[in-house]
Amino acid sequence: MSFLRFYDGAKPGKKGKLTDDKKKEKAKEYESRRVERSFQSKWKNERDWLEYDEETKTMFCTCCRANSQFRSVSVKGNTFVEGSCNFRHSAIVDHEKSTPHEKALRMSKTTPLTPSELKTTEAGNALKMLQAAERNKLCYLFRNVHAIAKNNRPISDYKWLCELDIAKQIEIGSTYINDHAAVNFIHHIAKVELSHTEKQCKAVPFLSFLMDGTTDISGSEQETLYLRYSKTGNVTERFLNTSSPKSTTSADLYDHVIDVLKQTNIDKDKLVGMGTDGASNMTGSRTGLSTLMKQRINSELVNVHCLSHRLELAFRDAIKKNKQYEKLMTFLIGVHYFYKKSHKQKTGLLTAISTIGKGVLPPKVTGTRWLPHLFRSVTALLKTFQALEIHLATASHGNPKAEGLYKLMTDINLLAFCIFLLDALDPAMRLSLKLQRSDVTLCDSLCWIESTMEILQEKKGRYCSHRSILKFAMK
């Protein structure tokens, strides 16, 4: 009777349950007495798929690992794909009988077809037609998002552009018609274009970069970089990057340029030139970006101040003290907003233009293209002069702003200056447009500048004679 024990809660005919503490004690006892298991080479008999890795001390299935890209094989819990350290014969048997392993074995025994053989099968032809249809759908979607990005349109335009394609009965499918897909497409297009830029830059011996900055809608500084190089005599410009530096100091701008070149795999040792504006942080002789580039990368690097910008600065310096120019700019800016912000005045001017038969609404005189904007505004003023004079004269009876604009417009000195400026701006405007071309070279620019200077010198004599005739007519 010494073997009898009393257990609280025990019931006749039923095995008692172990408590958690008892289970832990039993597990510890089992682990202390358990012999360390190892892989047995006899398990590989009649199992060609079973392998053992001495380095990782794991066994794995070669069939499952070879076909792990298929979802039906690489299921969660299939440790024989990555490697199993459960060295039990029962674990191998369980894996051998599992459905994923049987599928992997069938796949391994199947002889893969070559691409040419696959095309001759019915399944291959069906797959080819399906892939072509899906490819055509994606081509339409990629073209839509590329057009939006190329024309600086908002991403929200992508959805209605796709809806327009559907209305035209163009097969584009029902997926990927949202803003997230459009952004994803743009990222993939950017990666492909960047890879093309990297490939082309590796094929040329020398590179130059163009850099300029501006603030975005949030007020953050954004620096834009372009690469410029010559291949087989053809000058090419490629967009590289737009991102925010730490600050606009020359040191941070230098670090920003180097980081961008590293990220895009561009060899900085190929740099021989750079193009910037005339800001001190770019062209400073002591601590400017160009000076740092010469000191740290290439001592013979050439920095070119934007020629269109220099032309604009030269024009402003030559005419900034002229009072007639200030009056003309005041009038052009004022008359533009006078008609832009008032539907009543705009309608009245359009009526006058239609009556006379010529003229346009006053365009904006300021803009990024500098001299061409001014030339366009002065041309529009002279073309619409009669209609403007009629409408402003009528509107001046009850509108003080119209009265002020009318007085400026009818000033004989301002009109004479306007005609002179139009004649002088014509060659300068043409030069500015040529200098803004992406394929222009420094040699071409110098030739155009010399030609423009000769034209202006010829006009200089006529200006003096015209001025004397104008003074005689005004007496």
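**Exercise 1.** Over the ring of which residue does the charged end of Arg296 sit?

*Solution.* Keep in mind that you're working with a predicted model. Find Arg296 and follow its side chain to the charged end: you land over the ring of Tyr254, 4.7 Å from its centre. Now try Arg65 in the same way. Its charged end sits over the ring of Phe60, 3.9 Å from the centre.

**Exercise 2.** Work out whether the partners in two aromatic pairs are buried or partly exposed.

*Solution.* Step one: take Phe39 and Trp43, an edge-to-face pair with 5.6 Å between centres and 90° between planes. Step two: buried means under 20% relative accessible area. Phe39 has 15%, so it counts as buried, and Trp43, at 8%, is buried too. These two also belong to a cluster with Tyr52 and Phe87, linked by ring pairs.

Tyr226 sits in strand β4 and Phe239 in strand β5, so their pair ties together parts 13 residues apart in sequence. Tyr226 is partly exposed at 34%, and Phe239 is partly exposed at 44%.

**Exercise 3.** Find which residues touch the most other members of the largest nonpolar core, and which element gives the largest share.

*Solution.* Several helices contribute two or more residues, among them α13 and α14. The largest share, 9 residues, comes from α19. Zoom in on Phe315: beyond its neighbours within four places in sequence, its contacts include Leu374 and Leu421.

Technical notes
Residues are numbered from 1 along each chain as its sequence is written. This is a predicted model: local features need pLDDT of at least 70, side-chain atom pairs count only at pLDDT 80 or more; totals for chains, interfaces and linings use all residues. Side-chain values use heavy atoms; hydrogens and water are left out. A nonpolar core is a set of buried Ala, Val, Leu, Ile, Met, Phe, Trp, Tyr and Cys residues joined through side-chain atoms within 4.5 Å. Buried means under 20% relative accessible area, exposed over 50%, partly exposed in between (1.4 Å probe, protein chains only). Helices (H or I, at least four residues) and strands (E, at least two) are DSSP runs, numbered from the N terminus. Contact means heavy atoms within 4.5 Å. Rings of Phe, Tyr and Trp (its six-membered ring) pair if their centres lie within 6.5 Å; planes under 30 degrees apart count as stacked, over 60 as edge-to-face and the rest as tilted. A charge sits over a ring if NZ of Lys or CZ of Arg is within 6 Å of the ring centre and within 35 degrees of the ring normal.
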